[in-house]
Amino acid sequence: MKKNLNGKIAIIFGVLLVCLYGIFGIPKGVTGAAITSAITQRIHLGLDLRGGAHLVLQVHVKDAVRADADNTVARIEQDLQTNHLTFTQVVPNPDSPHIITVSGIDPTKSSDVRNELSDRYGVEYDIASLSGGNGFTLTMKPSLLADLESKAVDQSIDTIRDRVDQLGVSEPEIQRYGLGENQILVELPGIDNLDRVSDIIQSTSRLEVHEVTGDPQGYASEQEALTSVNGSLPPDELILHGDSQGITSDSQDHVFRLKRVSIVGGRDFRDASAIDSSDTGRQGVNFVLTNAGGERFYDYTSTHIHTYMAIVLGSRVKNVAIINGAIRDNGQIEGQFSKEQIETLSFTLRTGALPASITQLEARTVGASLGSDSIKQGVVAAVAGMLAVMVFMLIYYRGAGINADLALFLNLVILLGFMGYSHATLTLPGIAGVILTIGMGVDSNVLIFERIREEMRAGKGPAQAVDQGFAHAWITIVDTHVTTIVSAAILFMFGTGPVKGFAVTLTFGLLANLFTAVFVSRVIFDSHVNHKLAGQKLSI
Amino acid sequence: MELFHNANIDWLGRKWYFLGFSLIFSVAGLISMGLHLAHTGSPVPLGVDFRGGTQVLVQFQNDPDVNQIRKATEAAGVNAKIVNYDTPDKREMLISLPEQSDASVDSGRKQIVDALQAHYANHATVVRVESVGPTVGQQLEKQAGLATLYSLIGMLIYLWFRFELIYGVAAVVAVFHDTLITVGFFALFDKEVSLTVIAAILTLVGYSMNDTIVVFDRIRENLRLSRRESLTDVVNRSINQTLSRTVLTSGLTFLTVLALYLFGGEVLRGFSFALVVGILIGTYSSIAVAAPMLVAYQGWRGSKGKAAVLPSAKRSKA
């Protein structure tokens with residue numbers, strides 16, 4: 001018995017040490033500041049406690065699907081043309097871009113077109129005849145569509161992470177948000193100015209170079225641009241607005257006709273920097289292309305000398321330039337840019353464009369001061385409450401009160417140790433979990449003590465009373481704890497944010513509680529009873 | 001020191017009082033929720049978290065004047081609700097806007113902050129901003145509700161397995177009763193339910209369930225010991241035997257929660273309010289709702305000539 005007890009005491013001290021390490025690590029000093037920093041390095045405080053920005057973003061995955069559809073459309077057009085199969089148009093459905101319609105084919109060539117389409121696109125698309133019989137619809141297979149959408153979210157996360165890293169935010173949290181479709185959660189500790197962050201995160205500024213098909217001077221209106229092609233725009237072209245800096249002296253709104261598929265764009269850019277405008281008075285951006293992009297750009301520019309290309313930023317033509325010679329991998333864009341635009345542009349070019357546009361669904365900031373205020377008040381209140389409980393236990397249960405107090409204290413240490421090891425985040429609702437844990441910890445002790453008293457009233461000796469008391473209370477403690485852990489586990493699975501934080505601390509707390517209230521308290525009792533002379537009474 | 005030494009109270013003899021009391025509070029809760037629903041379209045005042053909207057907490061260097069702030073925001077074309085927040089010496093104001101759509105999540109904040117900046121320059125600091133679009137708000141509401149529902153079902157199944165179905169049902173009804181009354185208080189006092197309040201309600205669910213199980217456990221144990229005693233007597237005795245524990249634990253937990261309510265500051269106010277109400281109701285319901293339900297159920301079974309369902313049939317690993 002004695003030897004066994006020593007082993008148990010060793011286990012308790014072992015757990016205590018391991019948990020203390022979990023909370024403090026090995027502090028660099030013994031000053032208050034060193035200890036505080038050691039704790040905050042290991043125990044992660046939620047944004048509600050330390051201040052920062054919390055954003056929920058919606059990724060408009062349709063944009064990415066649309067971009068993919070545009071590519072497919074271009075490929076289909078080319079395929080049909082090389083096979084001399086005529087058609088009037090190939091277009092994606094404006095509302096659901098994963099459906100592409102090929103229309104106006106020659107009915108006698110219908111089976112040829114179908115064969116060609118199913119040969120090349122059958123793997124990715126389901127092909128069906130149009131009701132009129134002179135065309136087909138290609139519907140992207142659901143698995144592929146889901147994959148494409150999921151990739152758009154993943155790429156957005158990568159891009160946002162790159163951007164946030166460049167902002168120098170430490171420990172950002174960027175992940176899929178469990179609540180809805182295609183949402184991203186961004187948590188930025190220490191940031192309480194949302195303006196710049198949300199501008200940079202949301203910026204979709206995407207740079208593209210397109211071939212100019214119409215008048216390089218542009219047209220005065222969309223109507224005029226359409227008239228130049230007899231009223232109907234060729235399917236492989238698009239119309240964009242822009243100001244015509246560099247071509248004419250005025251900077252009025254002009255309309256340009258461009259090839260739909262860009263020469264280079266999006267991921268082809270590798271780097272960018274603002275042109276120092278102070279000495280030349282010109283504004284612009286230097287850009288560098290990736291190897292593949294540069295190769296493509298070289299091929300194009302060397303075969304299209306003296307034609308015009310348009311530099312498109314977002315969905316506006318920024319500049320139209322004539323190709324004077326082959327360009328490989330770098331160039332300049334000049335035009336009317338504001339200083340901020342250049343900054344954001346060069347920034348987004350460096351980090352890559354977002355595959356889809358993004359909007360904010362939720363934005364919260366908590367000032368660091370408010371965070372530390374609520375910690376202070378919360379901690380003061382919790383400590384005050386806990387001290388009152390501890391004093392009461394001492395008065396009410398005398399000697400046994402020490403067991404309860406030690407168990408309670410150890411409980412808190414283990415809980416915090418768990419938090420330190422698991423890198424779980426302590427939030428305000430997490431503190432709710434701590435309170436319930438303390439409540440149930442006290443309850444376990446009270447249950448045991450009341451039982452021991454009952455047994456003693458029934459005339460049992462100390463050792464037997466302790467034994468019986470624990471045995472009876474044990475069942476109840478298991479029932480209450482398991483019930484609550486079951487519910488906490490479910491809350492963890494289905495909850496997000498605060499509900500999850502609550503579930504985490506509660507689960508850890510209750511596990512710690514089972515250990516302290518039952519095992520530790522028992523060991524203390526046993527060592528106590530062992531030292532008692534026969535016939536002496538238990539202080540409870 | 002000892003409380004309730006050999007208490008001998010006839011709890012079940014007072015079940016009609018209990019029923020009356022519970023009915024009054026539940027119905028009062030339902031009525032205030034109903035009135036709230038009729039006035040605002042939701043049964044309880046929902047915080048920004050669920051309803052969507054923008055809230056900006058601003059700290060002013062000088063004593064803020066509501067009329068001036070209103071003028072400043074109105075000049076910027078914002079029709080905001082302005083209320084004093086927390087203690088006057090901190091000079092904080094809560095300025096809020098209902099949200100129009102997901103597209104405007106960010107614009108409400110910009111409008112308010114810009115308006116204040118234009119009028120107060122550096123004399124006002126934004127302490128906290130919360131903007132939630134209606135989509136996320138609805139998702140959060142639905143998700144918090146579902147998580148709570150599933151966790152209740154989880155508890156019910158565990159109790160079914162450990163005791164009998166009726167015990168699980170009685171415990172869940174008691175917890176539901178507590179939640180209804182606590183939420184009713186939020187409607188009655190026009191306090192906003194936020195995500196932190198949900199955490200508090202979950203805490204009270206856990207707490208009330210804990211309380212109920214302690215009593216049930218004792219009933220199970222006593223039933224195993226004395227099979228001839230009537231269920232009413234067993235339940236009464238069980239409640240009395242655990243009474244010291246109930247009052248102690250509840251009293252101590254109440255103490256902690258009260259400390260949180262009094263000293264925890266405005267951020268924790270809604271949260272600790274839910275706990276203060278919830279602990280009281282949760283303790284009451286384990287004695288006055290859950291236990292009488294067991295007896296009533298057995299009585300009903302008896303009147304139909306069926307044998308009583310007793311958890312003593314199941315072995316527990318002691």
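**Notebook: sheets, helices and a cavity**

I began with strand β2 (residues 52-59) of chain A, which is joined by seven bridges to strand β8 (residues 183-189) of chain A, the two running antiparallel. The model is a predicted one, where local features need pLDDT of at least 70, side-chain atom pairs count only at pLDDT 80 or more, and totals for chains, interfaces and linings use all residues. Residues are numbered from 1 along each chain as its sequence is written, chains are lettered from A and ligands numbered from 1 in the order in which they are written, and side-chain values use heavy atoms, with hydrogens and water left out.

Strands (E, at least two residues) and helices (H or I, at least four) are DSSP runs, numbered from the N terminus. Two strands pair if DSSP finds at least two bridges between them. I looked up A:L55 and found A:V186 as its bridge partner in β8(A).

I traced an open sheet of eight strands in the order β7(A)-β8(A)-β2(A)-β18(A)-β4(B)-β1(B)-β3(B)-β2(B), with antiparallel pairing. At its edges I noted β7 (173-176) of chain A and β2 (81-85) of chain B, each of which pairs on one side only. From one strand to the next the twist averages 20 degrees. For angles, axes are lines fitted to C-alpha atoms, for helices over the stretch in contact, and values run from 0 to 180 degrees between N-to-C directions.

Helix α7 (residues 194-202) of chain A lies across β2, β8 and β18 (358-366) of chain A and runs at about 155 degrees to β18(A). Helix α3 (residues 66-75) of chain B packs on the sheet and touches β1 (53-60), β2 and β3 (92-97) of chain B, at about 145 degrees to the direction of β2(B).

**A sheet in chain A**

I found an open sheet of four strands in chain A, ordered β3-β4-β6-β5 with antiparallel pairing. β3 (89-92) and β5 (125-129) of chain A have a single partner strand each, so one side of each is left without a neighbour in the sheet. The twist here averages 20 degrees from one strand to the next. β5(A) is joined by five bridges to strand β6 (residues 135-140) of chain A, and A:S129 has A:F136 as its bridge partner there. Helix α4 (residues 61-82) of chain A packs on this sheet, touching β3, β4 (99-103), β5 and β6 of chain A.

**A hairpin**

I counted six bridges between strand β15 (residues 308-313) and strand β16 (residues 316-322) of chain A, which run antiparallel. A:Y308 stands opposite A:I322. Two residues lie between the strands of this hairpin, and A:G314 takes a positive phi near 65 degrees.

**The largest cavity**

I took a cavity as a set of points, on a 1 Å grid over the protein atoms alone, where a 1.4 Å probe fits but cannot get out; lining residues have an atom within 4 Å of a point. Grid points are joined across faces, edges and corners, and a volume is the space filled by probe spheres set on the points. The search of the whole structure gave six cavities of 30 Å³ or more. The largest cavity holds about 110 Å³ of space. It is lined by 13 residues, of which A:L447, A:R451, B:V214, B:R218 and B:T242 are the closest to its centre. α14(A) supplies the largest share of the lining, four residues.

Note on methods:
1 Å grid on protein atoms, 1.4 Å probe; cavity = no way out; pocket = protein on both sides within 12 Å on 5 of 7 lines; lining within 4 Å. Contact = heavy atoms within 4.5 Å.
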